[in-house]
Amino acid sequence: MPARYPRSLRTAGAVAALAIAGLLAGCTAASSEGDQQSLTYAIEGANLSAGHMDPHSSQLDVSALVQRAVFDSLVAQDLDGSFQPWLAEKWEISEDQLHYEFTLREDVTFHDGEPFNADAVVANFEHVTAPETASAQAASMIGYSADGGSYLGAEAVDEFTVRFDFSTPYAPFLQAVSTSQLGFYSPAVLDEKADELKTGGPGISVGTGPFVLSEYTPDQEIVYTANPDYDWAPESAEHSGASDLDELVVRILPEPSVRTGALASGEVQVAGNVTPSTVGSLGDDITVNSVELPGLPYSLYLNQNNGVFADVKVRQAFQLGFDPQDAVDGIFFGQYPRAWSILGPTTPDSYDSSLEQRPAVDVDRANELLDAAGWTERDAEGYRTKDGERLSARWIAYTPIPDDRASLADVIQSDLKGIGFAIVREALEPAAYNEQYGPKTFDITDWGFSGVDADLLRSHLHTDGFQNASGLSDPAIDTLLEDAVATSDPTERAALYTELQQWNAENVAIVPLYVPSMITAFSDSVTGLTFDLYGRPLFYGVQVQGS
């Protein structure tokens, strides 16, 4: 729930978000009729200008974050995990779970006046799966693969009925079509400007949402204006009709202290990606909302196809050779919990809490494992060697690297030196990073990946996963992932994901470090602000007093 400073930021994820949504909805204050209301939202957003304005093709959270204002979805997912009608009035799932049929609203239009209908839905899904789109996340979310996946295609049954077909049952589909990654462009834009979607801008990022993208200055700001015709909010929304906000300005401010400084001075009304270290600088007139992110915690990915991590004993020693607990507690002010599994605790119906009981660090065992792997000699600097080669792993990370993550990496590097394991770190610009990430010429890389459905593990652990940074290719793991995505029974699915988490704990493809939270701060002038399951702010229904 929201709290005043000093405050504890860690919340119970969706439960806390539900509480804040209800509380704020109850205290909304109306502005005078005719007032022009404008709100400015500061985000980190440094990578948006690098071709990430298209949620169909981008895998970055920030793309989904900012374009939610423009792109509606077939269904809406409530904070309790249930699904509600949105652009689809209703839907049916065949008994064999191979077909989803949606009945669409008949009163929806795109910002350019194009009608929203079954043909528009089909055109958008064809764009997601088109080779030239090069979609990684959105295509994966519907089970599509160019080499054969569950997703077979979409078909317009009639003007306002669309059917999706699958070769095998695909349990996460409703969750997927509730996200802005699978929102809808105007068909005219897809026909005429498909090659401009990644750049985005007015006349390009054209959807059906409550806001129209009206101005875009890369690396500076995006301006959205209210869609006056909007009248198709999700059934569960407490607001209806056009947005009370006449203008929503998203300002790109990469530095955390600059974002919170702008909030404190009143230059912006909402600041996102607030770090625990900067929360303390906020005043009592600022409210903070924190949602512990579901999905894959911030983790290290050990490449098994390049260098020392081909040996499972070395991977196990790496994990046991450092203790991130004190560093995580200190660097993140006790607000981000230590991660124990490749799924965070707020990931619905899948987290294996038994892993919290396993030993976190065991230097003696780590040394035994490295001895058994043949790394028994030491060089002049104290690092282990074998056949004249130093035990060393190269860790690449893309810039900008937040100070807190750099500090955590310092601790890991120092601890591992104690067992004779050298860690060489390289900070790379995104383009240089991608040059190495593509051919997998690194030993370690790092990121977190939020997601409500545990199926996100498929992209990280499956042989064909688009973010399989560990280079894993294990038929048994592929089968577990495929069985899990095809299983609709929650208990059976949870058992399969438990097996995957236990497997990783033993085989160490991924080393989870901490569970981040989405921290958003906003001034008391803002009412009606709600948050989705990822902790992303939703501006439809917001009012600003004194605007």
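How far apart do the C-alpha centres of domain 1 and domain 2 lie? The separation is 30 Å. The model is predicted, so that local features are reported at pLDDT of at least 70 and side-chain atom pairs count only at pLDDT 80 or more, whereas totals for chains, interfaces and linings use all residues. Residues are numbered from 1 along each chain as its sequence is written, and side-chain values use heavy atoms, with hydrogens and water left out.

Domain 1 comprises 38–291 + 520–544, and domain 2 comprises 295–515; these bounds come from an automatic or database domain assignment. The contact between them takes 21 residues from domain 1 and 23 residues from domain 2, where contact means heavy atoms within 4.5 Å. The size of an interface is often given as the accessible area lost when the parts come together. For domain 1 and domain 2 the buried area is about 1700 Å², and carbon and sulfur atoms give 61% of this area. Buried area is here the accessible area (1.4 Å probe) that two parts lose on being put together, summed over both.

On the domain 1 side that touches domain 2, the elements giving two or more residues are α4 (137–141) and α8 (276–279). Helices (H or I, at least four residues) and strands (E, at least two) are DSSP runs, numbered from the N terminus. By class, this side of domain 1 holds nine nonpolar, 10 polar and two charged residues. In this classification Ala, Val, Leu, Ile, Met, Phe, Trp, Tyr, Cys and Pro are nonpolar, Asp, Glu, Lys and Arg are charged, and the others, Gly among them, are polar. Six residue pairs are in polar contact between domain 1 and domain 2, both residues being at pLDDT 80 or more. A polar contact is a pair of N or O atoms within 3.5 Å; within protein, one must be able to donate a hydrogen and the other to accept it, and residues adjacent in sequence count only if both atoms are side-chain atoms. The rule for a salt bridge requires a side-chain nitrogen of Lys or Arg within 4 Å of a carboxyl oxygen of Asp or Glu.

In the whole structure, the search finds 15 salt bridges. One of these joins the side chains of Arg-384 and Asp-371 at 2.8 Å, N to O. Arg-384 belongs to strand β15 and Asp-371 to helix α11, so this pair ties together parts that are 13 residues apart in sequence. Arg-384 is buried at a relative accessible area of 4%, and Asp-371 is partly exposed at 38%. The classes are buried under 20% relative accessible area, exposed over 50%, and partly exposed in between (1.4 Å probe, protein chains only).

Another salt bridge links the side chains of Arg-390 and Asp-379, also with an N to O value of 2.8 Å. Since Arg-390 is in strand β16 and Asp-379 is in the loop between β14 (377–378) and β15, the pair ties together parts that are 11 residues apart in sequence. Arg-390 is partly exposed, with 33% relative accessibility, and Asp-379 is partly exposed, with 24%. A further salt bridge is formed by the side chains of Asp-455 and Arg-458 (2.8 Å, N to O). Asp-455 is buried at 8% relative accessibility, and Arg-458 is buried at 15%.

Asn-124 is located in helix α3 (residues 118–129) and counts as buried at 1% relative accessibility. Apart from neighbours within four places in sequence, the contacts of Asn-124 are His-56, Gly-183, Phe-184, Tyr-185 and Leu-190. Tyr-185 is 61 residues from Asn-124 along the chain, and their C-alpha atoms are separated by 6.6 Å. The Asn-124 side chain reaches the backbone oxygen of Ala-120 at 2.8 Å.

Several backbone features are located in loops. Thr-399 and Pro-400 are joined by a cis peptide bond with omega of about 0°, and Pro-400 is in the loop between β17 (392–398) and α12 (403–417). Asp-349, which is not a glycine, has a positive phi of about 55°. This residue is in the loop between α10 (325–331) and α11 (363–372), and Asp-349 is exposed with a relative accessible area of 58%. Asp-387 likewise has a positive phi, near 50°. Asp-387 lies in the loop between β15 (384–386) and β16 (389–390) and is exposed with a relative accessible area of 77%.
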